[in-house]
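Subject: Structure for you, with notes

Hi,

Here is the structure I promised to pass on. My notes follow below it, grouped by topic.

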Amino acid sequence: SSGINAEWPLRPGEELDILMIFPFTSESKRMGIIVQDRKTGDITFYMKGADVVMTNIVQYNDWLEEECDNMAREGLRTLVVAKKPLSKEQYEEFERRYNEAKLSINDRATQMRNTQLTLEGDMQLLCVTGVEDKLQLDIRTTLELLTNAGIKIWMLTGDKLETATNIAISSRLVSRMTPIYQFKPVKSRTEAHNELNNFRKHSKEALVILGNSLEVCLEHYEAEFVELAMMSPAVVVCRCSPTQKAAIVHLIKKHSGAPVAAIGDGGNDVSMIQAADVGVGIVGKEGMQASLASDYSITQFKNVGKLFLWHGRNSYKRCASLSQFIIHRGLIISIMQAIFSAVFYFVSISLYQGYLLIGYTTFFTMAPVFLLVLDVDVQAHTAMMYPELYKELQKGRVLSFKTFFIWILISIYQGTAIMYLAIFLFQEDFVHVIAITYTVLVVTELLMVVVTVRTWHWLMAIAQIFSLGAYFLTLVFLKQYFDPVFITSVNFLWKFVALTAASCLPLFIMKYLRKKFAPPIYARLQQG
């Protein structure tokens with residue numbers, strides 16, 4: 001045992017020995033300690049916990065529930081504190097049985113818990129504490145941003161129903177103009193069915209439901225409940241255990257098909273964070289558990305707005321652009337190879353060999369293509385000012401079958417145009433077909449980067465210059481592929497320009513016409 005000095009108002013300097021500690025768990029929702037007074041030898045068992053569990057442990061009283069409800073309506077988190085004096089014989093008997101339970105091989109945790117329960121009864125109620133769970137800075141603005149961005153928000157909390165409702169309103173998760181539907185406590189299938197029918201008439205209202213009632217609904221009417229909850233502007237689940245939080249995340253993923261992000265700041269949120277597609281942990285006074293278990297760690301909730309609306313949006317659009325461009329880069333050379341083989345009666349001859357094939361995917365096009373990850377369509381302040389820009393992503397217009405097939409058609413067109421025009425314009429110099437088509441191919445890819453980019457970054461310009469410089473060095477050193485006399489002739493140069501124009505000019509024209517007559521939202525914002 002270890003000792004502590006207790007400073008009581010009426011008994012200063014009292015010294016106590018700690019005999020045993022029972023840590024807090026999310027399942028028990030309480031914690032306890034057994035101490036002994038060094039002077040008198042009195043042994044006392046102290047316990048504090050949530051009112052929902054302590055009500056059944058303390059002696060009968062007529063004010064506990066009322067006071068807890070009053071504090072909850074003010075948005076305070078309540079804790080009930082109680083004590084129980086123990087005789088020396090009672091403690092020694094408990095200690096013996098508890099140590100036996102700790103040494104048990106089979107079902108040790110359950111036996112320890114059952115032994116502890118023998119102490120938890122007929123305890124003397126000491127007090128009720130109410131702690132204000134102060135909202136973080138800019139949480140109202142952040143929740144409003146996320147809502148305007150089309151993100152559905154569910155609040156999963158272990159608080160009482162009144163506390164959870166108060167926090168939902170004060171944080172603007174539920175606007176003051178939005179009515180709230182409190183799902184009545186249900187314990188049977190019939191009650192759940194009747195309450196779901198009542199909620200169906202109020203599906204446009206914010207939903208507040210107890211964790212136990214939610215469990216009953218999911219057991220009997222899982223699909224129906226999720227369908228109705230998805231129609232609600234906001235959902236608040238109170239008295240929710242960590243296991244239930246993770247189960248709700250799995251449930252939303254299963255029935256909505258949408259990616260789910262879980263945000264938490266405590267150890268109770270770890271299972272929920274790990275169950276989500278994207279886990280965000282907030283470093284706070286509750287420790288680092290949520291932060292360490294998450295995909296992204298932030299210091300304040302307000303950073304979620306920028307994480308989603310700026311970094312998340314850019315990540316999605318850049319990945320979409322880069323992935324489709326890489327498909328185009330590989331497909332265009334495949335189309336050219338197919339046409340080349342067809343011209344020679346499908347003989348298995350490679351159009352580009354050795355250094356040319358390697359150089360195409362590395363030195364000549366890699367840097368400009370991969371630097372598309374630096375491309376942005378709007379600035380950060382614009383993305384935060386207009387959360388509707390994030391909402392546009394939900395329409396799937398950036399990455400879809402339509403955009404995929406557009407890139408496929410572009411690849412087919414350009415590969416076909418380069419090969420057939422090269423054959424037509426260079427019939428007399430067909431021996432130089434590799435130098436002709438390869439030069440046009442490399443320049444076409446660099447120009448396609450120009451077509452794709454929306455906002456230039458200085459590294460993009462350097463990459464373009466570097467790639468062109470690397471290609472010119474190739475013309476000097478790889479003379480087995482390129483005839484210096486031929487590629488510096490006027491005849492080659494004008495035909496090269498014609499081939500490149502035929503390959504890329506239609507795309508530049510289409511980009512200009514689209515920007516002028518049907519500009520996307522971000523372009524209209526820039527013009528405004």
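**Salt bridges**

There are 17 salt bridges in this predicted model. Side chains of opposite charge can pair when their charged atoms come close.

Start with Arg 38 and Asp 17. Their side chains form a salt bridge, at 2.8 Å from N to O. Arg 38 sits in the loop between strand E3 (30-37) and strand E4 (43-49), and Asp 17 sits in strand E2 (residues 14-22), so the bridge ties together parts that are 21 residues apart in sequence. Arg 38 has a relative accessible area of 44%, so it is partly exposed. Asp 17 has 19%, and buried means under 20%, so Asp 17 is buried.

Next, Glu 93 and Arg 96. Their closest N and O atoms are 2.6 Å apart, and the two form a salt bridge. Both belong to helix H3; they are 3 residues apart, which means about one helical turn separates them. Glu 93 is partly exposed at 35% relative accessible area. Arg 96 is partly exposed too, at 39%.

Then Arg 397 and Glu 392. This salt bridge has its closest N and O atoms 3.8 Å apart. Arg 397 is exposed, with a relative accessible area of 58%. Glu 392 is partly exposed, with 21%.

Finally, the network. Salt bridges link Asp 51, Asp 69, Lys 160 and Arg 239.

**Helix pairs**

Two pairs of helices are described here. Take helix H8 (residues 211-231) and helix H9 (residues 242-256) to begin with. Their axes come within 10 Å and cross at roughly 25 degrees. Angles under 35 degrees count as roughly parallel, so H8 and H9 are roughly parallel to each other. The crossing of H8 past H9 is right-handed.

Now helix H17 (residues 401-425) and helix H21 (residues 490-517). Their axes come within 10 Å and cross at roughly 160 degrees. Angles over 145 degrees count as roughly antiparallel, so H17 is roughly antiparallel to H21. H17 and H21 also make a right-handed crossing.

**Backbone: positive phi**

Which residues have a positive phi although they are not glycines? Asp 107 is one of them, with a phi of about 55 degrees. Asp 107 is in the loop between helix H3 (88-102) and helix H4 (108-117). Arg 172 is another, with a phi of about 70 degrees. Its place is the loop between helix H6 (161-170) and strand E8 (180-182). Arg 172 is partly exposed, at 45% relative accessibility.

**Surface patch**

Val 343, Phe 344, Tyr 345, Val 347 and Ile 349 make it up, and its area is about 480 Å². Look for Val 347 in the loop between helix H12 (303-343) and helix H13 (355-361). Is Val 347 buried or partly exposed? Val 347 is partly exposed, with a relative accessible area of 38%.

**Two distances**

First, Ala 258 and Ile 139. They are 119 residues apart along the chain, and their C-alpha atoms are separated by 24 Å. Ala 258 is in the loop between H9 and strand E11 (261-264). Ala 258 is partly exposed, with a relative accessible area of 37%.

Second, Thr 115 and Glu 100. They are 15 residues apart along the chain, and 9.7 Å separates their C-alpha atoms. Thr 115 is in helix H4. Thr 115 has 9% relative accessibility, and buried means under 20%, so Thr 115 is buried.

**For a first look on screen**

- The bridge between Arg 38 and Asp 17, at 2.8 Å from N to O.
- The network of Asp 51, Asp 69, Lys 160 and Arg 239.
- H17 and H21, crossing at roughly 160 degrees.
- The nonpolar patch that includes Phe 344 and Tyr 345.

Best wishes

How values were computed:
Residues are numbered from 1 along each chain as its sequence is written. This is a predicted model: local features need pLDDT of at least 70, side-chain atom pairs count only at pLDDT 80 or more; totals for chains, interfaces and linings use all residues. Side-chain values use heavy atoms; hydrogens and water are left out. Patches are made of residues with over 30% relative accessible area and no salt bridge: like charges are joined within 9 Å, nonpolar side chains (Val, Leu, Ile, Met, Phe, Trp, Tyr) within 5 Å. Accessible areas come from the Shrake-Rupley method with a 1.4 Å probe; for residues, only the protein chains shown count as cover. A salt bridge is a side-chain nitrogen of Lys or Arg within 4 Å of a carboxyl oxygen of Asp or Glu. Helices (H or I, at least four residues) and strands (E, at least two) are DSSP runs, numbered from the N terminus. Buried means under 20% relative accessible area, exposed over 50%, partly exposed in between (1.4 Å probe, protein chains only). Axes are lines fitted to C-alpha atoms, for helices over the stretch in contact, and angles run from 0 to 180 degrees between N-to-C directions. Angles under 35 degrees count as roughly parallel, over 145 as roughly antiparallel, 65 to 115 as roughly perpendicular and the rest as oblique. A crossing is left-handed if the near helix is turned anticlockwise from the far one by less than a right angle, and right-handed if clockwise.
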